[in-house]
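Please walk me through this structure, beginning with a single residue and widening out to the cores and the aromatic rings.

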Amino acid sequence: MGLQNREYMRSPYPEPGNDGQPMLITLIIINVVNYILFSNGELALVMDGSFSILHILQIITAGFAHADFWHLIFNMWGLYIFGKLVTPYVTRTQFLALYLAGAVTGNLLYYFSNFGTPGILLGSSGALFAVMIAAAMLEPNRRFVMLFLPFSPIKTSTLVICYTILEILMMIGKNNSGIAHLAHLGGFIGGYILIKIIYRSRLPWDPFRFIKFSGMPKFTPPPASQPRPESTGSRPANDVNAPVTQRELDALLDKLSRDGINSLSEYELERLKKARRQMRGEE
């Protein structure tokens, strides 16, 4: 397999014109049309103590239903704001999968945790939370200005973590607001898992990267050696435009596979991009 076919040599961005923004707009339109044309009961997940083929369909359709106008507006506004951060990194199909993963995981978690309790479940909040965690993992340092908060502007990663903690506290408090906080957390889980499947270790931020599994032998990586670009002719050794030699590329790929993309400096990332362009014959 050639170097250009290795996963870590591929660009993390979709090809031009194949980003997920059209799917984001399509999903917003579907939610609005569903609110206008269908009643809550036709799409909502009915909690009646049974489970059937109809319930399987409702687990999906409930992710496109809303209780009232403001429920719809707030969810679609959040979906657009955070979805705009995610769409440059995913294809149309991947963004649809992210939306459905959040909606289905959130609805399933809430449904089986409250199985036998009468009621209905509806709303795209689980899908929204999946998009929020994806935005935090892909754009952790993007800043939001939050009104009435003394520590604004706030980074995406901090905002999502704070909101998640708030959801957990409200769920534990068992308030009677009628909000399915567990479905929100289920959406968080579904979105996190899907983005990890797509990007694996190439994520700028991972909220669970700190978790260490006990009982597993501790791996101590060898000392990281900074690749030393070779000098070519009269060019200085650290010239980012100098041709990438095979020895330099091997050192960069070793470091990438051993320590992940976050271990690379800006100079090293530029050298990897140049190597990819060389292999494609663009330079």
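S125 counts as buried because its relative accessibility is 15%, where buried means under 20% relative accessible area, exposed over 50% and partly exposed in between, with a 1.4 Å probe and protein chains only. The model is a predicted one, in which local features need pLDDT of at least 70 and side-chain atom pairs count only at pLDDT 80 or more, while totals for chains, interfaces and linings use all residues. Residues are numbered from 1 along each chain as its sequence is written, and side-chain values use heavy atoms, with hydrogens and water left out.

S125 lies in helix α6, which spans residues 125–138; helices (H or I, at least four residues) and strands (E, at least two) are DSSP runs numbered from the N terminus. Leaving aside neighbours within four places in sequence, S125 is in contact with H71, N75 and H184, contact meaning heavy atoms within 4.5 Å. With one of these residues, N75, the side chain of S125 makes a side-chain polar contact at 3.4 Å. A polar contact is a pair of N or O atoms within 3.5 Å; within protein, one must be able to donate a hydrogen and the other to accept it, and residues adjacent in sequence count only if both atoms are side-chain atoms.

Turning to the whole chain, the secondary structure comes to 10 helices and 4 strands, which follow the pattern α-α-β-α-α-α-β-α-β-β-α-α-α-α along the sequence. Of the 283 residues, 39% count as buried. Among contacts with a separation of 6 or more, 72% are between residues 24 or more positions apart.

The largest nonpolar core has 41 residues, and those with the most contacts inside it are L79, V86, F95, L98 and I195; such a core is a set of buried Ala, Val, Leu, Ile, Met, Phe, Trp, Tyr and Cys residues joined through side-chain atoms within 4.5 Å. At least two residues of this core are supplied by each of α1 (21–37), α4 (69–86), α5, α6, α7 (156–172) and α8 (181–199), and the largest share, 12 residues, comes from α6. Beyond its neighbours within four places in sequence, L98 is in contact with V86, A130, V131, A134, G191, L194 and I195. A second, separate core of 8 residues includes A62, Y111, L121 and A183.

Helix α3 (residues 53–61) has H55, Q58 and I59 as its buried residues. They lie on the same side of α3 because they cover an arc of only 110° around the axis, the arc being that of the directions from the helix axis to the C-beta atoms. The cover over these buried residues includes α2 (40–43), β1 (45–47) and α5 (92–113), whereas the face turned away from the buried side carries the exposed residues I53 and L57.

The aromatic rings form 13 pairs, where rings of Phe, Tyr and Trp (its six-membered ring) pair if their centres lie within 6.5 Å, and planes under 30 degrees apart count as stacked, over 60 as edge-to-face and the rest as tilted. The rings of F64 and Y99 have centres 5.2 Å apart and planes at 35°, so this pair is tilted. This pair links distant parts of the chain, with F64 in the loop between α3 and α4 and Y99 in helix α5, 35 residues apart. F64 is buried at 12% relative accessibility, and Y99 is buried at 0%.
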